[in-house]
Amino acid sequence: MTSPVVQPMPDEPAAAHAGRLALFMGIDSQGKFEQWLRCSAHLAPAVRAQASRLEQLAALVDMDPQSYAQQHSMLGVLRVAAKSNMLAAHGAIAGSNFSKRMGMLTQKSQSHICPKCIEEDLDHWHFSWFRRSHQLQGVDACLLHQTPLLKVRSSASWSRLPHHWLESGEVEDSRQASGWIPTDFETRFGEVACAMLQRTAPYPLEPFVAAMSSRARYLGLRTST
């Protein structure tokens, strides 16, 4: 079976990229897709069996695994800090265990979409795609449009594109509040979280903990080691 050129879109989560690949290939079985991906990824046979799904997807589209992890995984917010001997870059061979465990994960248990993003996608690209920034825990509005995000009710949300779920009505307001506008704090939190998504590696844990301890003491909170 010939591999199509289905490149990941900007800020598209790896799980959504995989789902879009399976959709375009007409593969509706998770097992069959995993088998197809292993065989289609541009990896040496000896490497394929041990490669993470993240590495397989990167190889399939001829991307460096570290670049793919930075642009399409959520490791930046799932692996924020690490000890000095575990600072391997996201997607790097030295951090392959993290790629296997967390490389395909998002923070929210169900996927979220922005109707304004979908409208613009369809107008320009004629299809829509999911965004990592919409899957951040605590971010309930699209930072670009300040529009409340909609939660996809299906547990198989990556199997279809966002406009499918919107058109089928299988979505609900994640805040259950019509007309809600995010506060300045919520907007700033989202901006910081999005910046963390762009991290190439975790922060060193020691200065990270020291900074938090110092701030806690300043606020009069108890700290422990």
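I started with His-134, which lies in the loop between α8 (115-124) and β3. Helices here are DSSP runs of H or I with at least four residues, strands are E runs of at least two, and both are numbered from the N terminus. The model is predicted: local features need pLDDT of at least 70, side-chain atom pairs count only at pLDDT 80 or more, and totals for chains, interfaces and linings use all residues. Residues are numbered from 1 along each chain as its sequence is written, and side-chain values use heavy atoms, with hydrogens and water left out.

**Entry 1: His-134**

Is His-134 buried or exposed? I found 4% relative accessibility, so His-134 counts as buried. Buried means under 20% relative accessible area, exposed over 50%, and partly exposed in between (1.4 Å probe, protein chains only). I then listed its contacts (heavy atoms within 4.5 Å). Leaving aside neighbours within four places in sequence, His-134 touches Lys-108, His-112, Ile-113, Cys-114, Cys-117, Cys-142 and Leu-149.

**Entry 2: His-90**

I moved to His-90, in the loop between β1 (81-82) and α7. His-90 is buried, with a relative accessible area of 2%. Beyond neighbours within four places in sequence, its contacts include Pro-65, Gln-66, Ala-69 and Leu-75. Arg-199, Thr-200, Ala-201 and Pro-202 are also among them. I checked the C-alpha distance from His-90 to Tyr-68: 9.1 Å in space, for 22 residues in sequence.

**Entry 3: Arg-160**

Arg-160 sits in the loop between β3 (150-152) and α9 (162-168). Its relative accessibility is 36%, so Arg-160 counts as partly exposed. Which residues does Arg-160 contact, leaving aside its neighbours within four places in sequence? I got Leu-23, Phe-130 and Trp-165. From Arg-160 to Ala-59 I read 23 Å, C-alpha to C-alpha, across 101 residues of sequence.

**Entry 4: cores**

Next I looked up nonpolar cores. Such a core is a set of buried Ala, Val, Leu, Ile, Met, Phe, Trp, Tyr and Cys residues joined through side-chain atoms within 4.5 Å. The largest has 21 residues. Those with the most contacts inside it are Leu-21, Phe-33, Trp-36, Leu-37, Leu-54, Leu-57 and Tyr-68. Two or more residues come from each of α1, α2 (30-40), α4, α5 (65-72) and α7 (96-102). Which element gives the most to this core? It is α1, with five residues. Another core lies apart from it, with eight residues, among them Ile-113, Ile-118, Val-152 and Trp-165.

**Entry 5: α1 against α4**

Helix α1 (residues 14-25) and helix α4 (residues 53-60) pack at about 60°, axes 11 Å apart. Axes are lines fitted to C-alpha atoms, for helices over the stretch in contact, and angles run from 0 to 180 degrees between N-to-C directions. The pair is therefore oblique. Under 35 degrees counts as roughly parallel, over 145 as roughly antiparallel, 65 to 115 as roughly perpendicular, and the rest as oblique. On the α1 side I noted Ala-14, His-17, Ala-18 and Leu-21, which meet Leu-54, Leu-57 and Leu-60 in α4. By class, this contact has six nonpolar residues, one polar and no charged. Ala, Val, Leu, Ile, Met, Phe, Trp, Tyr, Cys and Pro count as nonpolar, Asp, Glu, Lys and Arg as charged, and the others, Gly among them, as polar.

**Entry 6: α2 against α4**

The axes of α2 and α4 come within 9 Å and cross at roughly 55°. That makes α2 oblique to α4. From α2, Gln-30, Glu-34, Trp-36, Leu-37, Arg-38 and Ser-40 make the contact. From α4, I listed Arg-53, Gln-56, Leu-57 and Leu-60. The classes are four nonpolar, three polar and three charged.
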